[in-house]
Amino acid sequence: MPRVSEAHLAARRRQIIDAAARCFVRNGFHQTSMQDVIKEADLSVGAFYRYFKSKNELITAIAGEKISAVTGLLDGLLALDPMPPIPEILDRLLGIIDDAAAEDGTIRIAVQVWGEAVHDPELGALVAEIYGRVRERATATAEKALATGQLPPDADVDGAGAALFGLVQGYILQKILLGGIDRRTYVSGVRTLLS
């Protein structure tokens with residue numbers, strides 16, 4: 001039996017992740033069954049379960065990709081000297097959110113997963129680990145902002161990092177639940193609050 005190439009394995013995994021994302025956006029995380037994802041991916045049950053054993057594994061893969069984009073951006077901005085002002089960093093982060101909303105709607109999955117994580121301890125632990133990475137970067141951003149004089153000398157960097165992280169989540173919630181939120185207006189509001 002010939003060996004399957006790494007490229008084939010990666011393509012099949014991508015096929016499943018994309019199918020799951022479409023199902024979760026269309027029907028909701030809770031209402032989507034594994035059978036729905038298997039059908040959407042146009043695979044056999046055996047082929048599918050070679051890659052993913054549960055919806056939580058699928059969510060972890062989808063969220064991991066999206067969060068990697070956010071942490072990669074933050075890591076890149078933290079490496080700059082000087083680091084951009086916090087409102088500019090927030091604007092760039094929210095650009096990722098806007099792109100995900102426009103591209104495929106996967107940002108809607110985040111809100112669904114947050115709700116489900118409250119009731120599912122396994123999913124809650126996954127969400128805490130994944131989003132913990134973003135909050136760590138937000139705190140590191142606050143530490144660097146303090147060191148470069150962007151924040152007052154007595155600033156609580158843990159609190160500032162948590163608030164920066166919360167601003168991103170708040171934008172997501174307003175975008176998904178209320179609509180009509182404009183990134184430029186939102187960042188302008190943050191600038192006003194910081195001044």
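Which element gives the largest share of the lining of the largest cavity?

## Largest cavity

That share comes from α4, with 7 residues. The model is a predicted one.

At least two lining residues come from each of α4, α5, α6, α7 and α8. By class, the lining of the largest cavity consists of 21 nonpolar, 3 polar and 1 charged residues.

## Second cavity

The second largest cavity has a volume of about 30 Å³. L74, L93, V134, A138, L164, F165 and V168 line this cavity. Two or more of these residues come from α7 and from α8, and α8 supplies the largest share, 3 residues. The lining is made up of 7 nonpolar residues, with no polar and no charged ones.

## Nonpolar core

The largest nonpolar core contains 62 residues, and those with the most contacts inside it are I16, F24, F48, F52, L58, L94 and I172. The helices supplying at least two core residues each include α1 (6–27), α4 (55–79) and α8 (157–178). The most core residues, 11, come from α4.

Beyond its neighbours within four places in sequence, I16 contacts V37, A41, L43, F48, Y51, F52 and L58.

## L167

L167 sits in helix α8. This residue counts as partly exposed because its relative accessibility is 26%. Outside four places in sequence, L167 contacts L90, Y186 and V190. L90 is 77 residues from L167 along the chain, with 8.1 Å between their C-alpha atoms.

Terms used: Residues numbered from 1 in each chain as written. Predicted model: local features only at pLDDT ≥ 70, side-chain atom pairs only at ≥ 80, totals over all residues. Heavy atoms only, no water. Core = buried A, V, L, I, M, F, W, Y, C linked by side-chain atoms within 4.5 Å. Buried < 20%, exposed > 50% of the residue type's maximum accessible area, 1.4 Å probe, protein only. Helix = DSSP H or I, 4+ residues; strand = E, 2+ residues; numbered from the N terminus. Contact = heavy atoms within 4.5 Å. Nonpolar A, V, L, I, M, F, W, Y, C, P; charged D, E, K, R; others polar. 1 Å grid on protein atoms, 1.4 Å probe; cavity = no way out; pocket = protein on both sides within 12 Å on 5 of 7 lines; lining within 4 Å. Points joined across faces, edges and corners; volume = space filled by probe spheres on them.
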